[in-house]
Amino acid sequence: MKGSPHLINLNGEASLFEVNIRYIGGLLAAYYLTGEEVFKSKALELGEKLLPAFNTPTGIPRGVINLGSGMSWSWGWASAGSSILAEFGTLHLEFLHLSELSGNPVFAEKVMNIRKVLNRVEKPQGLYPNFLSPVTGNWVQHHVSIGGLGDSFYEYLIKSWLMSDKKDSEAKKMYDDALEAIEKHLVKKSAGGLTYIAEWRGGILDHKMGHLACFSGGMIALGAEHAREERKQHYVDLAAEITNTCHESYERSDTKLGPEAFRFDAGTEAMATRLSERYYILRPEVVESYMYMWRLTHDPKYRQWGWEVVKALEKHCRVEAGFSGIRDVYTTTPTHDNMQQSFFLAETLKYLYLLFCEDDVLSLDDWVFNTEAHPLPINHTDFKASVQQ
């Protein structure tokens, strides 16, 4: 790494969000775990490269950046040039560490400003839609999802509070209020008794849950520990119910691996009904929730469920050169997609490993995991005090 050319000066488009969670998060974790200065300096160098994306009328960053020229733009598929909630809402943990390590408040200021914009804009029914204009600071359309496009924004609220050693009360309040709205409007129970989180499109519910939304069992469990006394058990129960539903999506498939999305309509429960949703690409969210539920309850079923996943991965996804996603979880002779996603190593295997470890290996008292499962230390300094309001 020391001798590498400055690859990040090359022209080419990069996702602000992915560079942050995968590369900056990975470099920061490597630095904190090894103390090697090279990881810190590369994380800071990369962080600097992302700053031009924030040059918008609102300070809400655009989603795509050319790391060489600093030009940034919105994804072509994002409606009306909007920025995506899960993307600009999933920078906080890493950027606060960049400010802490560099002594430069600019990174913390960028993410605190995002919060300011979000607190100012009116939330429909208290919910956060997925598309926001970086020009006007208004929502572009009213699609709400705890799965893709929304997911890690919520996770970073509770984790920001934990990482601040529970000083960042603004993050905690935003999390509590968001979860209350989600529970009121999106959490539903199927005829068969499964609790799931629906998607919301301008007030109309779509009774579908994405695999990505299955991280929420773990998140709600993590937040439950710190909820008001009279709500604690309620949230532990809710987390367990959602995690159970996600387990059912695995249990009801022929491979014992879960589909990309599953539905609760027309008599279907926790199964994909569309051909385009039957694939599994080595995603980590379900085992992530097993790991948190195990650490917080020590109910042995979570280790049992995790072991079922290990066996299914070995049986259906292992190939000569590693592991591959499969195109249809409902056939016992699945076709491989010949892709080993990087989150398989960063997250899926790490969460499975931690599920079977002692609790003091990367203890939840000392570390928070960024959304790509890179561990960042819980910090005992009050970042917010160093940021000009």
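This report describes helix packing, aromatic pairs and selected loop residues in one predicted model.

Residues are numbered from 1 along each chain as its sequence is written, and side-chain values use heavy atoms, with hydrogens and water left out. Because the model is predicted, local features need pLDDT of at least 70 and side-chain atom pairs count only at pLDDT 80 or more, while totals for chains, interfaces and linings use all residues.

Helices (H or I, at least four residues) and strands (E, at least two) are DSSP runs, numbered from the N terminus. Among the buried residues of α4 are His92, Phe95, Leu98 and Leu101. The elements that cover them include α1 (16-34), α2 (37-50), α5, α6, β16 (367-369) and β17 (375-377).

Leaving aside residues up to four places away in sequence, leucine 101 touches Leu28, Tyr31, Tyr32 and Lys40; contact means heavy atoms within 4.5 Å. Leucine 101 and lysine 40 are 61 residues apart along the chain, and their C-alpha atoms are separated by 7.8 Å. After α4 comes glycine 103, with a positive phi near 75°.

## Two helix pairs

Two packed helices are described by the angle between their axes and the distance between the axes. Axes are lines fitted to C-alpha atoms, for helices over the stretch in contact, and angles run from 0 to 180 degrees between N-to-C directions. Angles under 35 degrees count as roughly parallel, over 145 as roughly antiparallel, 65 to 115 as roughly perpendicular and the rest as oblique.

| Helix pair | Angle between axes | Distance between axes |
|---|---|---|
| α4 and α5 | about 150° | 7 Å |
| α5 and α7 | about 40° | 12 Å |

Helices α4 and α5 are therefore roughly antiparallel to each other. Their crossing is left-handed, a term used if the near helix is turned anticlockwise from the far one by less than a right angle (right-handed if clockwise). Residues of α4 that make the contact include Phe95, Leu96 and Ser99, and those of α5 include Phe107, Val111 and Met112.

Helices α5 and α7 pack at an angle of about 40°, which makes α5 oblique to α7. Helix α5 passes α7 in a left-handed crossing. Arg115, Leu118 and Asn119 in α5 meet Glu170, Ala171 and Met174 in α7.

## Helix α8

Helix α8 (residues 216-224) is mostly covered, with 9 of its 9 residues buried. These buried residues pack against α6, α7, β9 (195-197), β12 (208-210), α9 (229-251) and α10 (285-297).

## Aromatic pairs

The structure holds 16 aromatic pairs. Rings of Phe, Tyr and Trp (its six-membered ring) pair if their centres lie within 6.5 Å; planes under 30 degrees apart count as stacked, over 60 as edge-to-face and the rest as tilted. Tyrosine 128 and phenylalanine 153 form a tilted pair, 4.8 Å centre to centre with 55° between the planes. Tyrosine 128 lies in the loop between α5 (106-120) and β5 (131-132) and phenylalanine 153 in helix α6 (residues 151-163), so the pair ties together parts that are 25 residues apart in sequence. Both residues are buried.

Phenylalanine 323 and phenylalanine 344 also form a tilted pair, 5.0 Å centre to centre with 45° between the planes. The former lies in strand β15 (residues 322-323) and the latter in helix α12 (residues 342-355), so this pair ties together parts that are 21 residues apart in sequence. Phenylalanine 323 and phenylalanine 344 are both buried. Ring pairs also link Tyr128, Trp139, Phe153 and Tyr154 into a cluster.

## Selected loop residues

Glutamine 125 lies in the loop between α5 and β5. Its phi is positive, near 55°, although the residue is not glycine, and at 51% relative accessibility glutamine 125 counts as exposed.

Leucine 282, in the loop between β13 (261-263) and α10, likewise has a positive phi, of about 70°. At 0% relative accessibility, leucine 282 counts as buried. One of the residues that touch leucine 282 is glutamine 341, which is found in the loop between β15 and α12. Glutamine 341 counts as buried at 18% relative accessibility.

Conventions
Buried means under 20% relative accessible area, exposed over 50%, partly exposed in between (1.4 Å probe, protein chains only).
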